[in-house]
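Please consult the sequence and the structure displayed below.

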Amino acid sequence: MSSELEAPVRFGTVIREFGPPKEVVAYESYKPQVPGPGQVRIRMLLACINPSDLVTISGAYGSRTSLPFVPGFEGVGVIESVGAGLSELRVGQRVLPLGSAGAWQDMKVTEERWCFPVPLDLTDQQAAMAYINPLTAWMMVRQYAPSPPAVVAVNAAASAIGQMIIRLLNRAGIQPIALIRRPDGERQLSDQLDLLAVVCTSEAGLRHKLSLLSGGRGLAVAWDAVGGTEGDDLVRSLAPGGTLVHYGLLSGIPLSYRLREECPEARIVLFRLRDWIHTTERHELQRALDDMFELVRDGTAASKVAAVFPLSEIRQALECEATPGRQGKVLLSMFNDMETTHFD
């Protein structure tokens, strides 16, 4: 039954202008709305800071982002109240609210159809990281991984999603080339993953090294989370008919518009998880999430946690997120009386 009482004042973050996240993310009080027909109000527990959040805050997708907005595309919460007409969900149920931003606040109101139950055996931390990276990595490998022994490369390989992609490729019998930006991460990756090689992109000669590693044939597929000159070099390193799967923009610089002319045989795929999410039936989303939960359980799609900050310390959390060489994800807790927790 829907609650007719207004919730007390809550706290959340809001963006009123695009720009550097640490400068434009505000922490403010607000009154959450009462859920209408077919809606639920979720008491958020934990939310994740992802590159997709930061890129959106910066204004890279300004044409499809209306201001003001509450950031946060990924998190886990508990249904606090429901509107009329709900058929499946109940108060007290732990869910992942997908399909929209708004996780960086105490309470999120959304449509029932976008809420998916979380298995009891997953911790809140595991659940808070079980959607965007795992589903993105799984779909990109499933759709674009070639048959071994084709040579492939993954950049930003030390990131949480980079390591997921590599583990999924390993399960398919593929040893990728791991591209990293910091040379001190080479040993850790080599110890944990099955790799053809580790190449540091901050050193000169990336294209030459990739040519040597591929025996002069070029890359069959490359997964690019960086864009800019590094993404351009990956396109130029593809074999004839090879594929670049471009899914991130960590450099903040788009791929060169000249690539289509320079590399007419290259296939450049712009992968956006939201495009699939918003065109897929609920039962298919549930089946995909069930697969992700299993991959989290067995470690293939699990992520480490670097630190957990109370939401009130959002600026400090964003500083931690920007720390070079950070190992693990940064989470936001809606329990603002908690102490910041760092994990080794």
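In this predicted model, helix α5 lies across β8, β9 and β11 and runs at about 155° to β8. Helices (H or I, at least four residues) and strands (E, at least two) are DSSP runs numbered from the N terminus; axes are lines fitted to C-alpha atoms, for helices over the stretch in contact, with angles from 0 to 180 degrees between N-to-C directions. Residues are numbered from 1 along each chain as its sequence is written. As this is a predicted model, local features need pLDDT of at least 70, side-chain atom pairs count only at pLDDT 80 or more, and totals for chains, interfaces and linings use all residues, while side-chain values use heavy atoms, leaving out hydrogens and water.

**Helix α5**
- The end C-alpha atoms of α5 (residues 160-171) are 17 Å apart, which agrees with the 16 Å that its 12 residues should span at 1.5 Å a residue, taken as 1.5 Å times one less than the number of residues.
- Glycine 173 follows α5 and has a positive phi, near 85°.

**Packing**
- Among the buried residues of α5 are Ile161, Met164, Ile165 and Leu168; buried means under 20% relative accessible area (1.4 Å probe, protein chains only).
- The buried residues of α5 pack against elements including α4 (132-144), α6 (186-192) and α11 (282-297), contact meaning heavy atoms within 4.5 Å.

**Sheet**
- Six strands form an open sheet in the order β10-β9-β8-β11-β12-β13, with parallel pairing; two strands pair if DSSP finds at least two bridges between them.
- Its edge strands, β10 (197-200) and β13 (267-270), each pair on one side only.
- Parallel strands β8 and β11 are joined by 3 bridges, and alanine 153 has alanine 222 in β11 as its bridge partner.

Notes. Buried < 20%, exposed > 50% of the residue type's maximum accessible area, 1.4 Å probe, protein only.
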